[in-house]
Amino acid sequence: MHLGSRVIRPIAVGAVLPPGWTRLAVPAYRKLSIAPVLPQWAYTMAGWDPAIGHVVWALRTDRRSHWDPATHSTPELPARVDRILAEHGGNPLYRQLARCALEWNCFTAQNTFYVRDEGAIPASVGCNARCVGCISEQPEEGPPSSHERMDEPPGAKEMAEIGAAHLAAASGRTMVSFGQGCEGEPLTRGDAIARAIGLIRARTDRGSININTNGSLPERLLALADAGLDACRISLNSAHAPLYEAYYRPVGYGFADVAQSVRLAKRRGLYTALNLLTFPGVTDQEGEATALCALVGSAGVDQVQVRSLAIDPEQYLEIARRHAAGGRILGMRELIRRLRVARPGLVVGNFARGLSERASRHR
């Protein structure tokens, strides 16, 4: 390309953001007919400012520092993993978490070995959704999965061993979460998780017990609340049923069940967060924003955790062109502003809130 009297050969670039930042724009690109499906990253527009250097189009949406990459994947982590495996090597969940921590650099899995903040309890190998952007299971023609699922589902005692040990000793924002990116849907194992919660609470009343879920089975979520669950984080890419169902491709449930789970969880007293998978140009369409604000406001959601959807942009846009609610593009900043108007006191951020932070939700 020509820039004044100079001829410049441009190079396509994109950025991946650190925790606490939300993407505002995807990189410009031209799709070739022979282009493969790109690996699953949240590609973010990047550029160069002569006065600053490298820049990205992103918004700082959570200033908490406990997910700082500098405090994870540290040199002493392998020794911590080896020590805990030596003590609990008979529990296959610890072996799975060791892989997640060391091979895939999952911060939540690493926290289990650092004994701090939010620890992970994988619970399921099967799923009742077939998400286009699933990070743990892809068809042969899809991109490589960024994680691998466990071979066998864990028992209640195995899950409780990890959960009780973490809650009893962890520092910081002490909590454990059933349901991780390396597995299927935890609500499909609701009975085992309920027993695990009971075993955990028989050993310690410390900290918070959370579940990361697609919210597909409302009655099972309520049963977990009865067992002692106090928080849930329900994932969705849209509150517009056609786009939700085109991306999640649910089996045996629909978006109406997800919306019911959000409302029932809040009524039952769970700290209720949405894990909102965002994509600029789609999530911030006026029709999409209207549907999302209606759900957040009517259900009284406590928190929206904004997450940049990790997917080949063209793969997602192909779905959105046919199924999104449409309307003018508002921009991600305006979407967040409208969410806060729809639900006064709504917490918008990227990370789960510990028990001590939940009373401050009107900040």
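**Exercise 1. Determine whether tyrosine 247 is buried or exposed.**

Solution. The model is predicted, and local features need pLDDT of at least 70, side-chain atom pairs count only at pLDDT 80 or more, and totals for chains, interfaces and linings use all residues. Residues are numbered from 1 along each chain as its sequence is written, and side-chain values use heavy atoms, with hydrogens and water left out.

Step 1. Buried means under 20% relative accessible area, exposed means over 50%, and partly exposed lies in between, for a 1.4 Å probe and protein chains only.

Step 2. Tyrosine 247 has a relative accessibility of 2%, so it counts as buried.

Step 3. Tyrosine 247 belongs to helix α7 (residues 241-248). Helices (H or I, at least four residues) and strands (E, at least two) are DSSP runs, numbered from the N terminus. In α7, the buried residues are Leu243, Tyr244, Ala246, Tyr247 and Tyr248.

Step 4. These buried residues of α7 pack against β10 (231-236), α8 (255-267), β11 (271-278), α9 (286-299) and α10. Contact here means heavy atoms within 4.5 Å.

**Exercise 2. Classify two of the aromatic pairs and state which parts of the chain each one ties together.**

Solution. Step 1. Rings of Phe, Tyr and Trp (its six-membered ring) pair if their centres lie within 6.5 Å; planes under 30 degrees apart count as stacked, over 60 as edge-to-face and the rest as tilted.

Step 1. The structure holds seven aromatic pairs. In one of them, the ring centres of tryptophan 67 and phenylalanine 351 are 6.1 Å apart and the planes stand at 35 degrees, so this pair is tilted.

Step 2. Tryptophan 67 is in the loop between β6 (58-60) and α1 (77-88), while phenylalanine 351 is in the loop between β13 (347-349) and α12 (355-358); the pair therefore ties together parts that are 284 residues apart in sequence. Tryptophan 67 and phenylalanine 351 are both buried.

Step 3. Tyrosine 247 and tyrosine 316 form an edge-to-face pair, with 5.8 Å from centre to centre and 80 degrees between the planes. Tyrosine 247 is in α7 and tyrosine 316 is in helix α10 (residues 313-323), so the pair ties together parts 69 residues apart in sequence. Tyrosine 316 has a relative accessible area of 0% and is therefore buried.

Step 4. Ring pairs also link Tyr244, Tyr247, Tyr248, Phe255, Phe279 and Tyr316 into a cluster.

**Exercise 3. Describe how α7 and α10 pack.**

Solution. Step 1. The axes of α7 and α10 are 9 Å apart, at an angle of about 150 degrees. Axes are lines fitted to C-alpha atoms, for helices over the stretch in contact, and angles run from 0 to 180 degrees between N-to-C directions.

Step 1. The crossing of α7 and α10 is right-handed. A crossing is left-handed if the near helix is turned anticlockwise from the far one by less than a right angle, and right-handed if clockwise.

Step 2. From α7, Pro242, Leu243, Ala246 and Tyr247 meet Tyr316, Ile319, Ala320 and His323 of α10.

Step 3. The residues of this contact of α7 with α10 divide into seven nonpolar, one polar and no charged. Ala, Val, Leu, Ile, Met, Phe, Trp, Tyr, Cys and Pro count as nonpolar, Asp, Glu, Lys and Arg as charged, and the others, Gly among them, as polar.

**Exercise 4. Examine the positive phi values of serine 73, valine 115 and arginine 249.**

Solution. Step 1. Most residues other than glycine have a negative phi.

Step 1. Serine 73 is not a glycine, yet has a positive phi of about 50 degrees. Serine 73 lies in the loop between β6 and α1 and, with a relative accessible area of 39%, is partly exposed.

Step 2. Valine 115, likewise not a glycine, has a positive phi of about 55 degrees. Valine 115 is in the loop between α3 (107-114) and β7 (116-121), and its relative accessibility of 27% makes it partly exposed.

**Exercise 5. State where proline 218 is found and which residues it contacts.**

Solution. Step 1. Proline 218 is in helix α6 (residues 218-227), and its relative accessible area of 9% makes it buried.

Step 1. Apart from neighbours within four places in sequence, proline 218 is in contact with Asp257, Gln260, Ser261 and Leu264.
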